[in-house]
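Here is a short note to read beside the structure. The points are numbered so that each can be checked in turn.

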Amino acid sequence: MDTFAYKGISDGKYVEGDIEAINSDEASHKLKEQKIIITNLVRAAKGKKKDEKKGEKKKSSFSLFGKKKAKVEDVLIFSKQFATMVKAGLPILQVLSMLRDQMESPAMKDVVEDIRKSLEGGVTLSTCFGKFPELFDNVYINLVKAGEASGKLDVFLLKIVEALEKKEAIKKKIKGALMYPGIMFTVAITVSAFMLIKVVPVFAKMYDGMGIELPAATATIMAMSDFLRGTGGLILLISLVGGFFIFKFLTTKNEKFKYAWHKQVLKLPIFGDMILKSMLARISLIMGNLSAAGVNLLESIEIAKSVSNNVVVLESLENVKKGVFSGDTLTKLFLKDPLFPPTFGQLISVGEQTGQLDEMFGSVAKYYESEFDTVVENLSALIEPIMIVFMGILLSLIHISEPTRQEAISYAVFCL
């Protein structure tokens, strides 16, 4: 039998030692039975050479300062590959070395190398990820920590991947639902501005030469054209830009205005319902995963607050947290808070009564994901006719302002 030197994580602590086995597969199996998450596993005789090679690699590292930041897509790809390789039983240091070489993003490559070095130096994996809070949030780090403590890192890494995929799927659905109306509205405004600034003045000259009384619709369009082409257009532009920056300032610095705005966002027709259901789905998913990981309820609620920066949602979750601390049940607290629909509290009630809160949170997440999909589909079906009517009205107004055939002939005769 050969002797293998290993480094790993057990009960959230960094451990190392030697183990005898016929080959590396048996050594890995024995360590897994001891609930040790393997970070590195080598034959004892070859350990020094490998360590020397790793030391040489350390010299080639460089600072992250000034580098382009890693994207969310890079984190998702890394997490998928990391979870798959760890589940296959490969030592974590070896996995990180492989992923570092495979990463296409230079920024992500540097992050992975930094994590590998810290882990090799005896730092726990969750602490290594915690060095990059802009990439790995509280949910990510706490699930990794739970995986370290339970010896089931592969299971929790897969949960992380599932959570990241659902988060990105919700973002894409929201962007997809808003893209069509956004494009149509932008095109409509651009065409209208072009017509008022460039085309309508031609009609204005024609009508001035004819000396006839203008229809009310045409006169209105002419007045709008004069306004945009004169100082009024500049004033309008400055007002819009100034209004945007004032609104931005108030929503970041004035707490009362920020609260009122965030509350109004959740009351918007269709969009408010869509935003709320996407947040409920994510809150449920996160709390279900953390509950399954053994994270206490108060900490789970605190971590779930990272789902949104909407102060109304944060206030509601904080009130639930205080209520739990005071001894109230989740069911009572969710039913009492007007932000959460009655269905949400009733489903949580079933989980509390059966003692399977983590599973019920998972079911609630699926329920609200389904509800969110329905809202997005309804929105997509509703937007198209609304935009067609809007464009029709806009084109009709422009058409009304154009000279009739008789007026055009009169103008031609007048010119001759």
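1. Ala 70 lies in the loop between α2 (47-59) and α3; helices are DSSP runs of H or I with at least four residues, strands are runs of E with at least two, and both are numbered from the N terminus. Ala 70 counts as buried at 17% relative accessibility, where buried means under 20% relative accessible area, exposed over 50% and partly exposed in between (1.4 Å probe, protein chains only). Not counting residues up to four places away in sequence, Ala 70 touches Ala 107, Met 108 and Leu 135; contact means heavy atoms within 4.5 Å. Ala 70 and Ala 107 are 37 residues apart along the chain, yet their C-alpha atoms are separated by 5.2 Å.

2. On the source: this is a predicted model, in which local features need pLDDT of at least 70 and side-chain atom pairs count only at pLDDT 80 or more, while totals for chains, interfaces and linings use all residues. Residues are numbered from 1 along each chain as its sequence is written, and side-chain values use heavy atoms, with hydrogens and water left out.

3. The mean pLDDT of the protein is 78, and 82% of residues reach 70 or more; pLDDT is the predictor's confidence in each residue, from 0 to 100. Over residues 46-66 pLDDT stays under 50, and the model has 16 contacts beyond four places in sequence for them. Residues 404-416 also stay under 50, with seven such contacts. Where pLDDT is low, the predicted coordinates should not be read in detail.

4. The protein has 18 helices and three strands. Of its 416 residues, 40% count as buried.

5. Is Ser 79 buried or exposed? Ser 79, in helix α3 (residues 72-87), is buried, with a relative accessible area of 2%. Its side chain makes a polar contact with the side chain of Tyr 140 at 2.8 Å. A polar contact is a pair of N or O atoms within 3.5 Å; within protein, one must be able to donate a hydrogen and the other to accept it, and residues adjacent in sequence count only if both atoms are side-chain atoms. Leaving aside neighbours within four places in sequence, Ser 79 is in contact with Tyr 140, Val 161 and Leu 164.

6. In helix α11 (residues 255-266), Lys 258, Tyr 259, His 262, Lys 263 and Leu 266 meet Val 311, Val 312, Val 313 and Glu 315 in α14.
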